[in-house]
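Dear colleague,

I am handing over the structure we spoke about. Please find it below, followed by notes on what was found in it.

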Amino acid sequence: MRNLRIVVVNPTISPGEEDDESLRAQAERGRILRIGLLEAGLDIVASLPADMYLPEHIAKLQPDMIIVDAESDARDVLEHIVIATRDERRPIVMFTESEDTETMEAAVAAGVSAYIVAGLQAERIKPVLNVALARFRREQKLLDELSDTKSKLAERKVIERAKGLLMERQHCSEEQAYRKLRGMAMSKNLKLSEVAQRILDVEDYLG
Amino acid sequence: MEFKELQGEKVDATRRTILHGAALVAGGSVLGLSTGGAWAAGSDKPEKEEIRIGFIPLTDCASVVMASVLGLDKKYGVKFVLSKEASWAGVRDKLANGDLDAAHVLYGLLYGVQMGVGGQKKDMAVLMGLNNNGQAITLSKKRSDKGAVDGPSLAKLMRGEQREYTFAQTFPTGTHAMWLYYWLAANGINPMKDAKVITVPPPQMVANMRVGNMDGFCVGEPWGHRAIMDGVGITATTTQDIWRDHPEKVLGCTLDFAKKYPNTCRAMMAAILEAGKWIDASLINKNRMAEVIADKSYVNTSKDAIDQRIMGRYQNGLGKTWDDPNYMKFYNDGAVNFPYLSDGMWFLTQHRRWGLLKEDPDYMAVAQSVNQIDLFKDAAAMTKTPLPKSPMRSSKLMDGTVWDGKNPKAYAASFKIKA
């Protein structure tokens, strides 16, 4: 597997927020996370603050994976990205202190784009990320296949209906109706399902 | 413990708990006659006594915090362990995986999880409402200097001076997103087409506006008032002016948790109902509440940022000051807390309107599954909280549209401006 293009989202402390303990803790965890990833030899293409420009930066960088501290307030900004890019999902990995592997399995099984991984030992990070990415890709492939199958099924239905219509109108056999459809598709340079749909549309229109 | 005296009764805490515990058992068996089930068998003891409850640092976490600070949790035989959370997405995930038992959470967020919008789909429960009202839409000082001080003048400015306008909310499926979208659309601005809408964590709103990153935002208090105090923004509208007594935060958990621990849920709800009643009871109590929640461990801001609007004293940052009768309420004789089915369905209609839901769900069935009306009735009985006549209510929103939950599909489709 080639090197992953990884973006890390790091909370930053704005002026006036220096004495907010939870923000300080977030920033510190973010720093440790970043060091851990670098020590594991990962290719961090950018380390971004969780500000209002995050969605644009991520759209521009097109990373393979986004990594964020699970306790960070950046999560809500990422949620916005997840919803805005619902149709082209990308794995978002979150690190938490929790050692609960069941949580991760449940998250993966449910097909969420968030994988919760325990611990931050340098030698464990890389394989864990690779597994997360592989699972994500496999799941995406299955989802793509499913939608592909669904649309093929829908196309088949349209073709069947058009064939039936031709058979009834022109008193021909199924084989002949199919050949007529295919002939029209070839001469008009259209997909079989498109020709079928046109026939059905005309039928609807003329009754 | 130092706040025990806030309740106005100087009773020894331990004795108090035992006394109330005994009273509760007696009350429970009386209730059992009418509600049946586990109560009739006399086992109304909370199945799980320690409850981990998440909250986000906002004024409207007050009834949850005060239930714990005043020791009302112990009165009902449970112990709240409060957990300050950094993000709504974090609250959602921790509810789903059991790190949190329950949480102070955005109404629309729970419905988003129920429908699988964005992340993992999971059956959720709305146990009760935590507050009505008390959020605001702020416009930046730069825009107000150019005349945009309310909805119509903002629309005029946006038509006249065309560029990219940026507005922020707090969570894609949450309440603030829905108030912001509704308000913009009611003023003829399509939030999906005429503006850029982003998600920003509440405590970062004011800082971002200060450096000129955004034209406006919708968020819960104290951040609206804080923008005025800091001189970076003005209040263009309050959310109660969009929908008077609108539902806002709720007490939420997974449906599994509500089914597995009904007695724990009732005890938790009773404690919070009583805390809400306490807050709404007097200005002195509100003032004390503001003092408590301004602390670092809760909202982490100055008391001044909280207490003005809590008491209904509003200013818009342009010199206008008024007493708003529809300020943030935590109890209002139980009207705040009843989980109306029509309120739940409203969020679904808006999710549909803005394309978060691609198809119409069975609105009523979803609301009936999420909103735990039977559990609420028991908790209301424990605290003598009045109940409304119907699980539906009728509300007139700012554009004159009436929402009564009767025809959600038609309502969702009726808006001229939508995604």
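Which residues make a nonpolar surface patch of about 410 Å²? The patch is made by Val202(A), Tyr205(A) and Leu206(A). Please keep in mind throughout that this is a predicted model. Val202(A) belongs to helix α7 of chain A, which covers residues 192–206. With a relative accessible area of 47%, Val202(A) is partly exposed.

Also in chain A, Leu190(A) sits in the loop between α6 (174–188) and α7. Leu190(A) is partly exposed too, at 23% relative accessibility. Neighbours within four places in sequence aside, Leu190(A) is in contact with Ala185(A), Val195(A) and Arg198(A). Val77(A) is another matter: Leu190(A) and Val77(A) are separated by 113 residues in sequence and by 43 Å in space, C-alpha to C-alpha.

Next, the charged pairs. Side chains of opposite charge can pair when their charged atoms come close. Over all chains, a search of the whole structure finds 30 salt bridges. One of them joins the side chains of Asp60(B) and Lys249(B), at 2.6 Å from N to O. This pair links distant parts of the chain, its two residues being 189 residues apart. Asp60(B) is in the loop between β1 (50–55) and α2 (62–69) of chain B, while Lys249(B) is in strand β10 (residues 249–254). Asp60(B) is buried, with a relative accessible area of 1%, and Lys249(B) is buried at 0%.

A salt bridge also forms between the side chains of Asp73(B) and Lys74(B), at 3.8 Å from N to O. Here Asp73(B) is buried, with a relative accessible area of 1%, whereas Lys74(B) is partly exposed at 33%.

Asp404(B) and Lys406(B) have side chains that meet in a salt bridge of 3.7 Å, N to O. Asp404(B) counts as partly exposed at 24% relative accessibility, and Lys406(B) is exposed, with a relative accessible area of 68%. Elsewhere, Arg75(A), Glu79(A), Arg92(B) and Asp93(B) are joined into one network by salt bridges that share partners.

How many of the nine residues of helix α5 (residues 107–115) of chain B are buried? Eight of the nine are, so the helix is largely enclosed by the rest of the structure. Among the buried residues of α5(B) are Tyr107(B), Leu109(B), Leu110(B), Tyr111(B), Val113(B) and Gln114(B). Gly108(B) and Gly112(B) are on the list of buried residues as well. After α5(B) comes Gly116(B), with a positive phi near 70 degrees.

Last, the cysteines. A disulfide is a covalent bond between the sulfur atoms of two cysteines. The count of disulfides over all chains comes to zero. Cys61(B) is buried, with a relative accessible area of 0%. Cys253(B) is in no disulfide either, the nearest cysteine sulfur being that of Cys265(B), 4.6 Å away. A disulfide needs the two sulfur atoms within 2.5 Å. Cys253(B) also counts as buried, at 0% relative accessibility.

Regards

Conventions:
Residues are numbered from 1 along each chain as its sequence is written. Chains are lettered from A and ligands numbered from 1 in the order in which they are written. This is a predicted model: local features need pLDDT of at least 70, side-chain atom pairs count only at pLDDT 80 or more; totals for chains, interfaces and linings use all residues. Side-chain values use heavy atoms; hydrogens and water are left out. Patches are made of residues with over 30% relative accessible area and no salt bridge: like charges are joined within 9 Å, nonpolar side chains (Val, Leu, Ile, Met, Phe, Trp, Tyr) within 5 Å. Accessible areas come from the Shrake-Rupley method with a 1.4 Å probe; for residues, only the protein chains shown count as cover. A salt bridge is a side-chain nitrogen of Lys or Arg within 4 Å of a carboxyl oxygen of Asp or Glu. Helices (H or I, at least four residues) and strands (E, at least two) are DSSP runs, numbered from the N terminus. Buried means under 20% relative accessible area, exposed over 50%, partly exposed in between (1.4 Å probe, protein chains only). Contact means heavy atoms within 4.5 Å.
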